[in-house]
Amino acid sequence: MAEIVRPFMPADEMPRDGREPLWREALGECLRRLRNERGEILVETARRAGVSPQYLSEMERGVKEPSSEMIAAVAGALDVTLGDLTLAVATSLLRAPSRVAPAGPTAYALAA
């Protein structure tokens, strides 16, 4: 059976407000770290991915909820597989301390 190789480790940072990070925030941290490790500026990666620099910046800051096609395009531009990127994001979320509030009226209001 083939060995799973993880080319990079995800960041362990929590959002500054102490809440559990969202998937899009963890994704953005991983994307920015990968881009910086390659020594690239935003414009270079965005051009190869076929997205605008503004859109990539919003992805990296965790303010955009990108489609799977956009995520795959940026992963490809950074020479990582979608699987490796997803694993890194999931691992960073598992490492982040959970500070989930107990279920209450707010939880039900959000689910409605």
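Is Arg38 buried, exposed or partly exposed? Arg38 comes out as partly exposed, at 35% relative accessibility (buried is under 20% relative accessible area, exposed over 50%, partly exposed in between, with a 1.4 Å probe and protein chains only). Bear in mind that this is a predicted model, where local features need pLDDT of at least 70, side-chain atom pairs count only at pLDDT 80 or more, and totals for chains, interfaces and linings use all residues. Residues are numbered from 1 along each chain as its sequence is written, and side-chain values use heavy atoms, with hydrogens and water left out.

**The chain overall**

- The chain has six helices and zero strands, so read α-α-α-α-α-α from the N terminus on (helices are DSSP runs of H or I with at least four residues, strands are runs of E with at least two, and both are numbered from the N terminus).
- Of the 112 residues in the chain, 36% are buried.
- Take the contacts between residues at least 6 apart in sequence: 65% of them join residues at least 24 apart (contact means heavy atoms within 4.5 Å).

**The nonpolar core**

- The largest nonpolar core has 21 residues, and Leu31, Val74 and Leu85 have the most contacts inside it (such a core is a set of buried Ala, Val, Leu, Ile, Met, Phe, Trp, Tyr and Cys residues joined through side-chain atoms within 4.5 Å).
- H1, helix H2 (42-49), H3, H4 and H5 each put in at least two residues, and the largest share, five residues, comes from H1.
- Setting aside neighbours within four places in sequence, Leu31 touches Met59, Glu60, Val74, Leu78 and Leu85.

**Helix packing**

- Helix H1 (residues 23-37) packs on helix H3 (residues 53-60) at an angle of about 120 degrees, with the axes 7 Å apart (axes are lines fitted to C-alpha atoms, for helices over the stretch in contact, and angles run from 0 to 180 degrees between N-to-C directions).
- H1 and H3 are therefore oblique to each other (under 35 degrees is roughly parallel, over 145 roughly antiparallel, 65 to 115 roughly perpendicular, and the rest oblique).
- On the H1 side, the contact uses Arg24, Gly28, Glu29, Leu31, Arg32 and Arg35, while H3 brings Ser57, Met59 and Glu60.
- Sorted by class, the H1 and H3 contact has two nonpolar, two polar and five charged residues (Ala, Val, Leu, Ile, Met, Phe, Trp, Tyr, Cys and Pro count as nonpolar, Asp, Glu, Lys and Arg as charged, and the others, Gly among them, as polar).
- The axes of H2 and H3 come within 8 Å and cross at roughly 105 degrees, which makes H2 roughly perpendicular to H3.
- In that pair, Leu42, Val43, Thr45 and Ala46 of H2 meet Pro53, Leu56, Ser57 and Glu60 of H3, dividing into five nonpolar, two polar and one charged.

- Arg38 sits in the loop between H1 and H2 and, leaving aside neighbours within four places in sequence, contacts Arg48, Ala77, Leu78 and Asp79.
- Between Arg38 and Asp79 there are 9.8 Å from C-alpha to C-alpha, though they are 41 residues apart in sequence.
- Asp79 belongs to the loop between helix H4 (68-77) and helix H5 (82-95), and it has a positive phi of about 60 degrees although it is not a glycine.
- Asp79 counts as exposed, at 60% relative accessibility.
- Thr86 lies in helix H5 and is partly exposed at 38% relative accessibility.
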